[in-house]
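Subject: Structure handover

Hello,

Here is the structure I promised to pass on. Please open it next to this email; my notes follow below.

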Amino acid sequence: MTDDAYLVLFDDPAVSLGVPLAAVEDAAFLDTPAVRAWLEAQGVTVTSPGLRLLPPEETSAIPEGAERLPVPLGDEELSRVRQLNAPYDVARMEQELLAYRSCAEGREALLARAVAAGVPAHRIAELTGEDLTAVKALVH
């Protein structure tokens, strides 16, 4: 497991933080009694428009007083949430980085394109299995 993500209920369904919970409705944490009880206590369902899932790196953006519940995500679930949360160009680039693990041809070009697309160095290293130091060297 990784650091906790958060389920957050926003008063304004137009809030764009995180991803709608409905986009990850097959996540394992949804079957836990704590999450089911929290959803019931809030009077919401998985498809409620103000219900969002925020990855750990976004939790500092949760407004004071917002209803929230920490939830653990597995590595695959966290990766999917991050991809759904990323801008389209970054998400597409992340897909290529994941595919990178099976082929090393064009390594430098792919890593350089990922940096140019705005994918953070730590995320490139995570997706490709490359050493973070080597990836950071491409950034500078």
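In what sense do β1 and β4 pair, and over how many bridges? The pairing of β1 and β4 is antiparallel, over 5 bridges.

Some ground rules before the rest. This is a predicted model, in which local features need pLDDT of at least 70 and side-chain atom pairs count only at pLDDT 80 or more, while totals for chains, interfaces and linings use all residues. Residues are numbered from 1 along each chain as its sequence is written, and side-chain values use heavy atoms, with hydrogens and water left out. Helices (H or I, at least four residues) and strands (E, at least two) are DSSP runs, numbered from the N terminus.

The sheet

The open sheet has 4 strands, in the order β2-β3-β1-β4, with antiparallel pairing. Two strands count as paired if DSSP finds at least two bridges between them. β2 (19-20) and β4 stand at the edges with a single partner strand each, so one side of each has no neighbour in the sheet.

Here are the pairings one by one. β2 and β3 are joined by 2 bridges, and Val-19 stands opposite Leu-53 in β3. β1 and β3 pair over 4 bridges. Leu-7 stands opposite Leu-53 in β3, and Val-8 has Arg-52 in β3 as its bridge partner. Towards β4, Tyr-6 has Pro-70 as its bridge partner.

Next, burial. Buried means under 20% relative accessible area, exposed over 50%, and partly exposed in between (1.4 Å probe, protein chains only). In β1, 4 of the 5 residues are buried, so this strand is largely enclosed by the rest of the structure. In a regular strand, side chains alternate between the two faces of the sheet. β3 is covered on both faces: Leu-51 and Leu-53 are buried on one side, Arg-52 and Leu-54 on the other.

Helix α1

Which residues of α1 (residues 33-42) are buried? They are Val-35, Trp-38 and Leu-39. These residues lie on the same side of α1 because they cover an arc of only 95 degrees around the axis. That arc is taken from the directions from the helix axis to the C-beta atoms. Pro-33, Glu-40 and Ala-41 are exposed on the other side. The cover over the buried residues of α1 includes β1 (5-9), β3 (51-54) and β4 (67-71). Just after the helix, Gly-43 has a positive phi of about 75 degrees.

The cores

A nonpolar core is a set of buried Ala, Val, Leu, Ile, Met, Phe, Trp, Tyr and Cys residues joined through side-chain atoms within 4.5 Å. The largest one has 20 residues. Those with the most contacts inside it are Leu-7, Leu-21, Phe-29, Val-35, Leu-53 and Val-71. At least two residues of this core come from each of β1, α1, β3, β4 and α2 (75-85).

Take Val-71. Contact here means heavy atoms within 4.5 Å. Leaving aside neighbours within four places in sequence, Val-71 is in contact with Asp-4, Ala-5, Tyr-6, Leu-7, Phe-29, Val-35 and Leu-53. There is also a second, separate core of 11 residues, with Leu-111, Ala-114, Ile-124 and Val-135 among them.

Ser-79 is in helix α2. Ser-79 counts as buried because its relative accessibility is 15%. Beyond its neighbours within four places in sequence, Ser-79 is in contact with Arg-123 and Leu-127.

Best wishes
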